[in-house]
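Colleague: I would like to learn how to read the features of a protein model one at a time, with the general idea before the particular case. Could we go through the one shown here?

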Amino acid sequence: MFQGLFKKTKYITVSSQNLEEVKEEPKPIIPDGMWVKCKKCGQIIYTKDLKENYRVCGFCKCHFRLPAYQRIRDIIDEGTWIEINKDINTLNPLDFQGYEEKVDEVIKSTNLKEAVITGTGSIKGEKTVICVMDSRFLMGSMGSVVGEKITRAIEKAMEERLPIIIFTASGGARMQEGMYSLMQMAKVSAALGKLKEKGLLYISVLTDPTTGGVTASFAMLGDIILAEPGALIGFAGKRVIEQTIKEKLPDEFQTAEFLLKHGFVDKIVERKDLKNTLYNILKIHSGKNHLNENTIDINIYKEEKSEDRLNPWQKISMIRSSSRPNALDYIERIFTSFIELHGDRYFGDDECIVGGIGLLEGTPVTIIAQQKGKDLKDNIRRNFGMPSPEGYRKALRLMKEAERFNRPVICFVDTPGAYCGVGAEERGQGEAIARNLIEMAGLKVPVISIVIGEGGSGGALALTVADKIWMLQNSIYSILSPEGFASILWKDAKRAEEASSIMKITAQDLLQFGIIDKVINEPKGDASKSLDLLAEIIKANLIKEFCILNQLSIDNLLDNRYNKYRNIGLYGK
């Protein structure tokens with residue numbers, strides 16, 4: 001009957017000599033704030049280490065929410081920050097009970113006047129207007145003062161012809177101000193519309209959390225949209241959605257990574273890299289046209305000649321080889337400061353289309369490319385070089401952005417054709433290609449397209465309505481793949497080699513027809529054996545051609561482009 005009691009009883013045998021040793025040690029005194037617990041992984045982190053790591057958990061990389069003034073210290077060059085519109089007061093337009101007291105309480109606890117800080121400063125010497133929201137102030141909710149301060153900051157950017165960066169951190173509209181709060185969405189968006197009309201840059205940086213009315217207005221209107229890893233980003237709350245549709249949502253739902261995958265974010269940037277990334281974007285957008293033919297190495301520009309001994313089918317075998325250089329191989333050798341941008345802003349991000357901004361001999365340009373994979377895994381990721389509607393829409397978005405900022409466009413073409421799956425048809429593959437054709441025809445900046453491998457059908461044409469079309473010596477450009485051609489005309493895909501010999505698809509054939517403007521020789525007869533030299537040759541040709549195209553008026557540029565295509569054709573009287 002005493003068994004349970006005995007199990008719970010602990011006995012300690014000590015001698016008189018060691019009696020003092022078993023006395024309970026005093027608990028260490030740990031000052032408040034020395035340690036903090038990560039909300040994501042639960043690890044206990046030394047506060048000093050957290051601060052030195054930009055308030056990012058060293059275990060799981062969770063980005064802790066950052067106070068606005070700390071964000072400014074991390075991003076803005078020391079001694080350049082000038083705060084503006086600091087003393088605008090929050091009023092109570094609805095006479096909402098307890099609102100004024102709540103605002104006073106938050107002001108005292110945060111030392112903030114409102115949920116956004118605005119001002120001007122420099123990032124590595126590049127001056128900008130900046131707005132930083134702080135979720136500690138009523139969850140960063142957007143009331144009249146938040147909308148007014150951001151609008152005045154946008155107007156400041158227009159007045160001084162400066163770019164603007166807005167860091168979002170908000171729970172949405174401020175309920176206590178009712179429709180006054182809702183109207184701030186329209187006010188700020190209208191101001192951004194005027195900013196864009198003036199050709200000024202707006203960078204939106206989405207941090208945790210960015211939700212509700214802020215997401216449905218200025219947060220998603222950036223020319224370039226960056227996000228911090230793991231940031232909560234969405235319109236309606238996850239709990240509200242689950243209760244409405246009666247379904248459990250995936251864990252990654254409404255994260256920065258989710259939005260990147262679905263085409264709404266250009267780039268996810270870790271906090272330690274954010275200042276450099278912003279600087280590079282600002283530097284590219286503030287850059288001027290520095291192209292000068294005098295920078296061209298004459299020996300390079302003359303190019304190394306090579307004999308053209310391969311028949312069309314042999315060329316097809318060469319360009320389909322995994323050793324054939326792909327678009328990124330050329331991009332990394334020809335351009336500097338390249339920043340890849342993602343998403344079509346509608347549905348997704350097609351990794352077959354690589355697009356972004358960079359510098360060509362110090363001059364800002366937009367680069368768009370069809371990218372094949374180097375191995376099976378990479379090819380699956382790139383869909384074997386076959387773009388989806390999202391890829392073409394991403395390309396067009398970047399082209400229109402290039403037009404607004406007066407940047408030349410370079411396209412690298414390498415695709416067997418546009419993807420023809422069910423999903424692509426459902427999402428409008430034909431419309432996406434057609435839209436590119438008409439928009440590229442009227443693009444008010446110079447465009448050069450280079451076929452570096454396969455140029456398959458309308459999937460290639462969607463990136464080759466250009467002022468100049470060039471082809472590498474061994475590339476092909478065709479109405480359809482030889483396999484498809486043989487299947488349609490002879491109902492036998494096995495006759496593809498025979499088809500290739502009569503389709504007139506080589507660079508040399510198309511130059512003779514006047515369909516392309518230049519054949520670029522591959523030194524040693526193979527791009528894979530001469531990549532560095534070939535990249536230099538392409539770079540020299542680009543510089544020389546853009547120097548010519550940049551001298552044309554917009555009207556002449558567009559007329560020449562129209563006439564180029566208007567005059568293609570062979571027919572009798």
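Modeller: Let us begin with secondary structure, where helices (H or I, at least four residues) and strands (E, at least two) are DSSP runs, numbered from the N terminus. An example is helix α4, which covers residues 99-110 and contains Glu100. Please keep in mind that this is a predicted model, in which local features need pLDDT of at least 70 and side-chain atom pairs count only at pLDDT 80 or more, whereas totals for chains, interfaces and linings use all residues. Residues are numbered from 1 along each chain as its sequence is written, and side-chain values use heavy atoms, with hydrogens and water left out.

Colleague: How many helices and strands are there in the chain, and what does the C-alpha trace span along its principal axes?

Modeller: The chain has 23 helices and 18 strands, and its C-alpha trace spans about 110 × 70 × 50 Å along the principal axes. For burial, the convention is that buried means under 20% relative accessible area, exposed over 50%, and partly exposed in between, with a 1.4 Å probe and protein chains only. On that scale, 50% of the 573 residues of the chain count as buried.

Colleague: Which residues gather in a patch of negative charge on the surface, and which in a patch of positive charge?

Modeller: A patch is made of residues with over 30% relative accessible area and no salt bridge, where like charges are joined within 9 Å and nonpolar side chains (Val, Leu, Ile, Met, Phe, Trp, Tyr) within 5 Å. Lys and Arg count as positive and Asp and Glu as negative, while His and the chain ends are not counted. The negative patch on the surface gathers Asp95, Glu100, Glu101 and Asp104; of these, Glu100 is partly exposed at a relative accessible area of 45%. The positive patch brings together Arg161, Lys194, Lys198 and Lys288. Lys198 sits in the loop between α6 (178-197) and β7 (202-211), and its relative accessible area of 43% makes it partly exposed.

Colleague: How should I read a salt bridge, and how many are counted by this rule?

Modeller: Side chains of opposite charge can pair when their charged atoms come close. The rule requires a side-chain nitrogen of Lys or Arg within 4 Å of a carboxyl oxygen of Asp or Glu, and by this rule the count comes to 41 salt bridges. In one of them, the side chains of Asp77 and Lys275 meet at 3.3 Å, N to O. Asp77 lies in the loop between α3 (68-75) and β3 (82-83) and Lys275 in helix α10 (residues 271-286), so this pair ties together parts that are 198 residues apart in sequence. Asp77 is buried at 17% relative accessibility, whereas Lys275, at 22%, is partly exposed.

Colleague: Where do the partners lie in the salt bridge of Glu148 with Lys187?

Modeller: The closest N and O atoms of Glu148 and Lys187 are 2.8 Å apart, and the pair links distant parts of the chain, with Glu148 in helix α5 (residues 144-160) and Lys187 in helix α6, 39 residues apart. Glu148 is partly exposed at 23% relative accessibility, and Lys187 is partly exposed at 28%.

Colleague: And is Lys372, which forms a salt bridge with Asp414, buried or exposed?

Modeller: In that salt bridge the closest N and O atoms are 3.4 Å apart. Lys372 is placed in the loop between β13 (363-370) and α14 (376-381), and Asp414 in strand β14 (residues 409-415), 42 residues away. Lys372 is buried, with a relative accessible area of 13%, and Asp414 is buried at 2%. Salt bridges that share partners join Arg320, Lys372, Asp414, Glu454 and Glu483 into one network.

Colleague: What should I note about the backbone, for instance which residues a cis peptide bond joins?

Modeller: A cis peptide bond joins Asp208 and Pro209, with omega about -10°, and Pro209 belongs to strand β7. Lys246, although not a glycine, has a positive phi of about 60°; it lies in the loop between α8 (238-245) and α9 (256-261) and is exposed at 70% relative accessibility. Glu361 also has a positive phi, near 50°, and is found in the loop between β12 (353-360) and β13, where it is partly exposed with a relative accessible area of 33%.

Key. Accessible areas come from the Shrake-Rupley method with a 1.4 Å probe; for residues, only the protein chains shown count as cover. The place of a charge is taken as NZ of Lys, CZ of Arg, CG of Asp or CD of Glu.
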